[in-house]
Amino acid sequence: MDVRALTQGGVRRALVLAATLIAGALAVFFAMKAAPGDPALTALGENARPDLVAAFRHAHHLDLPVSAQFALWIGGAARGDFGQSLTLAGGVPVASLIATRLPVTAFIGAYALVLAVALSLVIGTVSALQRGRLADTIGTSFAVLGVSMPDFWLGYVLIFFLALNFPVFPSYGFVSPTASLRGALLSGFLPALAIAAPMAAVFARTLRAALLEVLHREYVTVARSLGFGPRFVFFHYVMRNALIPYVTVLGLQVRYLLGGVVVIERIFGIPGMGSLMVDGAFGRDYPVVQACALTFLAIVLLTNLLVDALCARLDPRRAA
Amino acid sequence: MLRNRTMLAGLTITLVVLFGVTAGAALMPYSAETMDFIDVLEPPSLAHPLGTDSFGRDVLTRVLVGGRISLVISLCGVALAAVLGTLTGMAAAWRGGATETALMGLVDLLFAFPSFVLALFLMVVLGYGVQDVALAIALVYFPIFARLARNLTRVLRDEPYVQAARLIGQPAPMILAREILPNILSALMVQASIAIAFGVVIEAGLSFLGLGVQPPTPSLGVIMADGREYFQKAPWVLTLTGLAVSVALLGLNLLGDGLRDLADPKLRQALRA
């Protein structure tokens, strides 16, 4: 492998990532400035005393020109300082709010992703190998059903049918994984399942289609005629190649997964980034909403980078 | 064969849903607003197939009216996204070079935000209301249509009939409108049919959280948010409304899948990406 080309590619990607983040920060910041309502009046109430409003504006740099405000904000953001929360937790640095919420969302998101991958690997493989038979019909029906159910509704149905009948799964609240891993896995199961179901459906469809396409390639027939066992052929020739589109779709769906996290966290009362953003939206806490949007953007961009790297490992043709 | 049968099922469901949301409410003996404090939170029965809510309103009637509202919102949002996205994508692919880089950079930036985060963010910027939800849906789907239109246009740009139109000196807008657009329209329509289904989910999700359509307008999300209030006492309102939504989306998705399989094989690859 050409190490120099690889590092060059890495540097270029890092630059594109940084440029996208800055463009995203610009868009988020100026869209927020165009929003109706005065943050000072939102935080202090409509009938606040004028001198208090002026002091609040000064403390949060709202009396500066917009361009200067942006420079201050992005300069702070680069150092991990997103300013202070206005209404949710008056005066608390947004960065510390995010620092407590992000691990929770990362846990739920990863949990959902693992569930979705596990479900889809089984369903996709079985449907492809049993093509046209009962198992395939059941699998593909599940896949279409999965994308048709709104995730927040599925969350409630899961609470209704599972949480109320099986008290192992709490219907509300969340136990931090650092406090009790068992508690976190149990309390996170239903929300993760609600997020994972539509994902699993999309992944399973992709895997089934990819497997079916590869199963009839000439090199698979050749491998079989060379006398390799069916298991060996499946894992080394079929699955290996079908995984490339699968991983690509996995990466594309991360933005939907994070979208699902936002709604589901709120429903199950999970104190993550999603419920922080929704609370921020309700309280018109602009710095919080801005920081959340930017953090979600960063997560998606980093995941894309990871998926690209993974695809390059799976498909040496792409690494060049 | 199986494909055709599932597509037929999708078409049937879609037609029933369309009939229900257009004419259904008029055929019901109740109105979506009439309150009836004797029949409060009634479980499903023959008189009220989906039960009644906390004001004694018939849930089925509300779902039919709400379905129309949600569908119109989604339709407007997706239509706006499709028009703007197609124009952007076609222009980017045709011009190439710096124009393409700049336009697609913007599209990729929008595409990198989690869809629901983008919608939520927009609700804070725009305010909560019917038009704002439609705009949020438009912004979520704009990058998807732009990418699709750009990829499709790139495939067709070097086709002989396009080259011929170029050689006889047709202006670019005419080539795009008369040679390329008719050939990519079917693929865009397939994408639109799927986007409309997901637009309904975005509307429902935003309104369910209280950040979208506001009551008393009975959109599907508002009805479900309502059902959440008394979920313990009357679980059928939320459960059955969601089930009705799921069946409607199932129909749209099956139809979209079937249409995708019928699409021009040359363009199918771009549709999948």
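In this predicted model, 12 residues of domain 1 of chain A are in contact with 9 residues of domain 2 of chain A. On the domain 1 side of this contact, α1 (3–33) and α2 (39–44) of chain A each supply at least two residues, and α1(A) gives the most, with 9 residues. Sorted by class, that side of domain 1 of chain A holds 7 nonpolar, 4 polar and 1 charged residues. The two domains themselves cover residues 3–78 for domain 1 and 95–314 for domain 2 of chain A, and their centres, taken over C-alpha atoms, are separated by 32 Å.

Chain A averages a pLDDT of 82, and 95% of the residues score at least 70. Among the elements of chain A, helix α5 (residues 94–129) has the highest mean pLDDT, 89, whereas helix α13 (residues 316–319) has the lowest, 66. Where pLDDT is low, the predicted coordinates should not be read in detail.

The next contact to consider is the one between the chains, to which chain A contributes 37 residues and chain B 31 residues. On the side of chain B that touches chain A, the helices α3 (97–112), α4 (115–126), α7 (172–209) and α9 (236–262) of chain B each supply at least two residues, and the largest share, 9 residues, comes from α9(B). This side of chain B is made up of 24 nonpolar and 7 polar residues, with no charged residues.

V147(A) counts as buried because it has 22 C-beta neighbours inside 10 Å, where 20 or more are needed. Leaving aside its neighbours within four places in sequence, V147(A) is in contact with P198(A), A201(A) and V202(A), and also with N253(B) of the other chain. G188(A), by comparison, lies 41 residues from V147(A) in sequence and 21 Å from V147(A) in space, C-alpha to C-alpha.

Within chain B, helix α5 (residues 130–157) has 28 residues and reaches 39 Å from its first C-alpha to its last, close to the 40 Å expected at 1.5 Å a residue.

Definitions and conventions. Residues numbered from 1 in each chain as written. Chains lettered and ligands numbered in written order. Predicted model: local features only at pLDDT ≥ 70, side-chain atom pairs only at ≥ 80, totals over all residues. Contact = placed C-beta atoms within 7 Å. Helix = DSSP H or I, 4+ residues; strand = E, 2+ residues; numbered from the N terminus. Nonpolar A, V, L, I, M, F, W, Y, C, P; charged D, E, K, R; others polar. pLDDT = per-residue confidence, 0-100. Domains from an automatic or database assignment. Expected span 1.5 Å × (residues − 1). Buried ≥ 20, exposed ≤ 12 C-beta atoms within 10 Å, placed from the backbone.
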